[in-house]
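Dear colleague,

Please find below the sequence and the structure that I am handing over to you. My notes on what was found follow directly after them.

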Amino acid sequence: MSGPDALMLNMETATTPMHTLKLGILDTGRRGSPLSLEEIRTALALHLGAFPRATQRVTSIRGHRARPFWVTDTDFRLDQHLEEVTLEGPGDESFDELLAELAIRRLPRERPLWALTLVHGLADGRQAVVVRVHHAVADGLAALNCFLHATSESAGGPLPQRHPLPEPGSPVADGRDLDRRQMRALARRDTLRLVADLPSVVAGVARTARAAYRFDRRALVPRFMGAQRTSFSTPSAHRRRCARSVLELADVQRAAVATGTTVNGVFHGIVAAAVRQEMIARDEVSSNPSVAMFGVCRDLTSTRTEGNDLATAAAYLHTEVADPIERVRRTAESCSASVALRRATGFELTDQLATYTGRLGPRARPIAAPIAPRVMNNVTTANMPGPRRPRWVGDIKVESWTSFALAIAPADVNLTAYSYAGVLSLG
């Protein structure tokens, strides 16, 4: 397993689930009958073979548990990953309660790290498909590519090429699985490589620090552990709450043009306004800005359907600014500088460090998160460009696509936006 993927796996604790929720609202009115779980089962059996991680589980070697292996689940049973639920009432409240329950129901480690729930009983006869997928399997871009692969641009459009599930005992696409002896040999070799690579990693940290210091807009970007602790940054509990909303993408685009910024900048300006409003309600308004952390994808054009290939960036949410126009402009300026700094310093060092922090980070975070006087961020955000038009599965329209991402202490609020069919869909 790669360092970034292993870090996502190892960060999971009893109070920190590390899976995301991908929610599609379905309109089956065109065909006049609801979608059944049996139809989903049949379709997945024909196409799931295109996604190797869907039939691979995690295993590890004693003494080297920080870097597990992906191996084929020889006892893979599709039914173990599928369920259906009927809501008690058609309102959003019961649906959001279900989403919150799914957000904390951890995925069993003894089988592939995903599950699908078909939801009946939404208003106006709608249905929903909720996919839980561990962040070790896929980041936001990889999950979006899976969604695009499984849907078409028009009603009745061509289905993706069939990739049936492999027959039990058949060789996997990327070669046969390793036995325990081979895993031990690879794990020992990996440990020796980590020791040998330490000087180059230290040198890389020094180069990155110099590049960051010389960055001409450095003052616009928060320093490491530069956020003031607020009531947004409290010890995590097991419970989660999920909520959904939409912003008209055209409105956000007009605001971006009017303020001379970007859609991402305006989105974070809106987040800054919401955080400011909440801080006023909590009597916590400060002269210091809040801090958001988000991921920057190495390559937004990639068609990969698995793995994590991003690095984090931090930007100021100028919650201390009362004027809304100025707040948007200054927040957007910080977002732009933060992304530019991330791309200037590159992604290679992030990959290297994740191989080490995959061992140390999960141990340090639960200790430091509740007590550190300064924190890395107050909220976590994501803004992912998605399809401009609704997607279809045969004659079933996917009305909306929403993601609920990770809530990790000390920033237990996560706001994830996907642009989809003319709106920014918020989870």
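A residue is called buried under 20% relative accessible area, exposed over 50% and partly exposed in between, with a 1.4 Å probe and protein chains only. The model is a predicted one, in which local features need pLDDT of at least 70 and side-chain atom pairs count only at pLDDT 80 or more, while totals for chains, interfaces and linings use all residues. Residues are numbered from 1 along each chain as its sequence is written, and side-chain values use heavy atoms, with hydrogens and water left out.

Backbone features in the loops

Asp 283 is exposed, its relative accessible area being 71%. This residue belongs to the loop between α7 and β9 (290-297); helices (H or I, at least four residues) and strands (E, at least two) are DSSP runs, numbered from the N terminus. Asp 283 has a phi near 55 degrees, a positive value in a residue other than glycine. Met 225 also has a positive phi near 55 degrees and is likewise not a glycine. With a relative accessible area of 30%, Met 225 is partly exposed, and its place is in the loop between α5 and β7 (227-228). Please note as well the cis peptide bond from Ala 409 to Pro 410, with omega near 10 degrees. Pro 410 sits in the loop between β14 and β15.

Helix α6

Helix α6 covers residues 249-259, and Leu 249, Val 252, Ala 256 and Thr 259 are buried in it. Seen down the axis of α6, these buried residues fall within an arc of 100 degrees, so they line one face of the helix; the arc is that of the directions from the helix axis to the C-beta atoms. The face turned away from the buried side of α6 carries the exposed residues Arg 254, Val 257 and Ala 258. The cover over the buried residues of α6 includes β8 (245-248), α7 (263-281), α8 (324-345), β15 (414-420) and β16 (423-426), where contact means heavy atoms within 4.5 Å. Just after α6, Gly 260 takes a positive phi of about 65 degrees.

On a 1 Å grid over the protein atoms alone, a pocket is an open set of points with protein on both sides within 12 Å along at least five of seven lines, a cavity is a set of points where a 1.4 Å probe fits but cannot get out, and lining residues have an atom within 4 Å of a point. Grid points are joined across faces, edges and corners, and a volume is the space filled by probe spheres set on the points. Of the 40 residues that line the second largest pocket, Leu 44, Leu 116, Val 129, Val 131 and Ala 150 are the closest to its centre. The lining of this pocket divides into 27 nonpolar, seven polar and six charged residues; Ala, Val, Leu, Ile, Met, Phe, Trp, Tyr, Cys and Pro count as nonpolar, Asp, Glu, Lys and Arg as charged, and the others, Gly among them, as polar.

The largest share of that lining, seven residues, comes from α2. In α2, the buried residues are Leu 37, Ile 40, Leu 44 and His 47. Down the axis of α2 they fall within an arc of 100 degrees, so they line one face of the helix. They pack against β4 (82-86), β5 and β6.

Leu 78, in the loop between β3 (69-72) and β4, counts as buried at 11% relative accessibility. Leaving aside residues up to four places away in sequence, Leu 78 touches Arg 41, Leu 44, Ala 45, Leu 48, Trp 114 and Leu 165.

β1 and β14 pair in the antiparallel sense over seven bridges; two strands pair if DSSP finds at least two bridges between them. Gly 24 has Trp 401 of β14 as its bridge partner. Strand β13 (residues 391-393) is joined to β14 by three bridges, and the two run antiparallel. Arg 391 stands opposite Val 398 in β14. β13 and β14 form a hairpin with two residues between them, and Gly 394 in the turn has a positive phi of about 65 degrees.

The largest cavity

The largest cavity has a volume of about 40 Å³. Its lining divides into two nonpolar, six polar and no charged residues.

With kind regards
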